[in-house]
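Hello,

Here is the structure for your files. My notes on the packing follow below it.

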Amino acid sequence: MDTDEVSWPRGERSLTNRGRWGADDDRGTLNFITAAARVRGVAQAMTGRVVSLAHSITPVPMAAPVAFAEHSMPSAVLQTMTFSGSPTPALTDVLLINVHHARSTHIDALAHIPVDNTVYPGVSLAEATAGATVSRSSSSAFVDGIVTRGVFLDLAPGERLAENHVVTADDLAAAEERQGVRVESGDALVVRGGWVAADDPFGPLPTTSLSAVEWMAEREVCLYAGDIGDKLPGPSGGSPVLHNIALAQLGMPLIDCANVAELARVCAEIDRYSFLFALGTIPVHGATGLPVNPLAVF
């Protein structure tokens, strides 16, 4: 559905997309990815150079009791090796994946964060999770893959943002001007601040402001990825605008724990900041998120 064919609820453009594509919508800002947006993305693949935006994961053997709290689990993946001797000898394994682990590059489904006991596009939490699965705004929106143009904005070329820096709309606009690129409707936005949150989740990390989310909404960004996210609860946690507003209200999928170091190096080397963004997931329905390996193709 093209965005010029719909209107905002009650004719008022506020910082929400709830109701914009109807009560049955589970895709949110992925609706901005039109055929034209995909073609614009495919046109960016000119040399065949590919960069992964995911952190690699080394599984931990599941040989002893472990803690399963999100940030205390020793790895995003626990592994049990098995051996099959019949009819053909084979090594197999069972993997236990903590999707939202701090070191797992993953995409959040829109139902991941409830607000006022509802999930996007305004469904009650009880209805969305009836049956011990997620029936609305789940990982089902990702099973056909995401292909569009990606735009990379490096907010601190060659260094990293200052401690506790709050990224604003002006920061994003300044990066656009510096790099000679413009984010358009249906683009995937990838942002670098130069920090790895998993190294010190409660440290003085940069975070994102409401004005930055407003900027993304105005540009009709289809998804956000980067090394800058929302801070974990703490003295300097701030307001989690990416999860509470961009994800839950705008319906914008978030790729948490993205690895943008190599992307920054390649973009600076070739002086190009747009690319074909391609993301595939295992076709699992009804989950709050899935591990991903997003690819930037130049």
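Helix α3 (residues 169-179) packs with helix α4 (residues 210-219) at an angle of about 55 degrees, their axes 7 Å apart. Axes are lines fitted to C-alpha atoms over the stretch in contact, with angles from 0 to 180 degrees between N-to-C directions; helices (H or I, at least four residues) and strands (E, at least two) are DSSP runs numbered from the N terminus.

This is a predicted model, in which local features need pLDDT of at least 70, side-chain atom pairs count only at pLDDT 80 or more, and totals for chains, interfaces and linings use all residues. Residues are numbered from 1 along each chain as its sequence is written, and side-chain values use heavy atoms, without hydrogens and water.

From α3, A169, L172, A173 and E176 meet S211, A212, W215, M216 and R219 of α4 (contact: heavy atoms within 4.5 Å).

The largest nonpolar core has 66 residues, and L153 and L263 have the most contacts inside it. Such a core is a set of buried Ala, Val, Leu, Ile, Met, Phe, Trp, Tyr and Cys residues joined through side-chain atoms within 4.5 Å; buried is under 20% relative accessible area, with a 1.4 Å probe and protein chains only. Among the residues that L153 touches are L172, E176 and W215.

In helix α6 (residues 261-270), the buried residues are L263, A264, V266 and C267. They pack against β1 (50-52), β8 (146-154), β10 (188-192), β14 (274-279) and β16 (295-297). Just after α6, D271 has a positive phi of about 55 degrees.

Regards

Methods
Buried means under 20% relative accessible area, exposed over 50%, partly exposed in between (1.4 Å probe, protein chains only). Lists of a residue's contacts leave out its neighbours within four places in sequence.
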